[in-house]
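Reader: I'm new to looking at protein structures. Could you walk me through one, feature by feature?

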Amino acid sequence: MLPLIHSKRSRTFSPPALGNWLLPVSKEKGLCVSHYDRVLSEVLEIKADQQNSLFLQSFQRALGLKKMVDRWRNSHTHCLWQMTLSQRRNPYAILRMQNTMVQELALANKQLLMVRQAALHQLFEKEHRQYQQELNQMGKAFYVERL
């Protein structure tokens, strides 16, 4: 049944023109949809596609963040596992490294002591030469025994 159109001029109802207003949608079902309905369905499909694309983008972003967190968690767990594995694997190597570090610290302290002693010795020699020059200017000198 066709909808009736009301005409203001002639207070009568008449059916619409059948031109482009009725277009077949599905031949097997024999349904017809007006041009307005077809445009409306296309607009709704476009909006649905846009909403789906926004949803997919946000879903992909969330999935990317989840993958990044999972990779970080896996690498952190792997790092902890490697550390504990190396500690459990060879405790004697850890003891040897600690002993080596203690020996290196003792040698470094000895070297530092020798450097400080050499610097102090140079300072004393410099002061001795300066004092000797001051005495020479006054016409005095240190007693130096000749062999």
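**Reading the helices**

Author: Let's start with helix 2, residues 91–138: it has 48 residues and reaches 71 Å from its first C-alpha to its last, close to the 70 Å expected at 1.5 Å a residue. Keep in mind that this is a predicted model.

Reader: What does the backbone do just after helix 2?

Author: Look at G139 there: this residue takes a positive phi of about 90 degrees.

Reader: How many helices and strands does the chain have, and in what order do the elements run from the N terminus?

Author: You'll find 2 helices and 4 strands. Starting at the N terminus, the order is β-β-β-β-α-α.

Reader: How do I read burial and contacts for the chain as a whole?

Author: For burial, ask what share of the residues has under 20% relative accessible area. Here, buried residues make up 2% of the 147 in the chain. For contacts, take those with a separation of 6 or more: residues 24 or more positions apart account for 0% of them. As for surface, the chain exposes about 14500 Å², and 61% of that is supplied by carbon and sulfur atoms.

Reader: Okay, on to rings. How is a pair of aromatic rings described?

Author: You give two things: the distance of the centres and the angle of the planes. This structure holds 1 aromatic pair. The pair is F55 with F59, at 6.2 Å centre to centre and 15 degrees between the planes, and it is stacked.

Reader: Why does that angle make the pair stacked?

Author: Planes under 30 degrees apart count as stacked, and the planes of F55 and F59 are 15 degrees apart.

Reader: Is F55 buried or exposed? And what about F59?

Author: Exposed means over 50% relative accessible area, so F55 counts as exposed at 54%. F59 has a relative accessible area of 45%, so it is partly exposed.

Reader: Which residues make the nonpolar surface patch?

Author: F55, L56, F59 and L63 make it, and the patch is about 400 Å². So the two rings of the stacked pair belong to residues that are also part of this patch.

Reader: Now the charged side chains. How many salt bridges are there?

Author: To read one, check how far the side-chain nitrogen is from the carboxyl oxygen; within 4 Å is the cut-off. By this rule the count comes to 2. In one of them, the side chains of D70 and K66 meet at 3.0 Å, N to O. In another, R73 and D70 meet at 3.3 Å, N to O.

Reader: Why can D70 reach K66, and why can R73 reach D70?

Author: Look at the spacing in helix 1. D70 and K66 are 4 residues apart, so about one helical turn separates them. R73 and D70 are 3 residues apart, which again means about one helical turn.

Reader: What links K66, D70 and R73?

Author: They are linked in a network of salt bridges. On accessibility, D70 counts as partly exposed at 26%, and R73 is partly exposed too, with a relative accessible area of 46%.

Notes
Residues are numbered from 1 along each chain as its sequence is written. This is a predicted model: local features need pLDDT of at least 70, side-chain atom pairs count only at pLDDT 80 or more; totals for chains, interfaces and linings use all residues. Side-chain values use heavy atoms; hydrogens and water are left out. The expected span of a helix is 1.5 Å times one less than its number of residues. Rings of Phe, Tyr and Trp (its six-membered ring) pair if their centres lie within 6.5 Å; planes under 30 degrees apart count as stacked, over 60 as edge-to-face and the rest as tilted. Buried means under 20% relative accessible area, exposed over 50%, partly exposed in between (1.4 Å probe, protein chains only). Contact means heavy atoms within 4.5 Å. Accessible areas come from the Shrake-Rupley method with a 1.4 Å probe; for residues, only the protein chains shown count as cover. Patches are made of residues with over 30% relative accessible area and no salt bridge: like charges are joined within 9 Å, nonpolar side chains (Val, Leu, Ile, Met, Phe, Trp, Tyr) within 5 Å.
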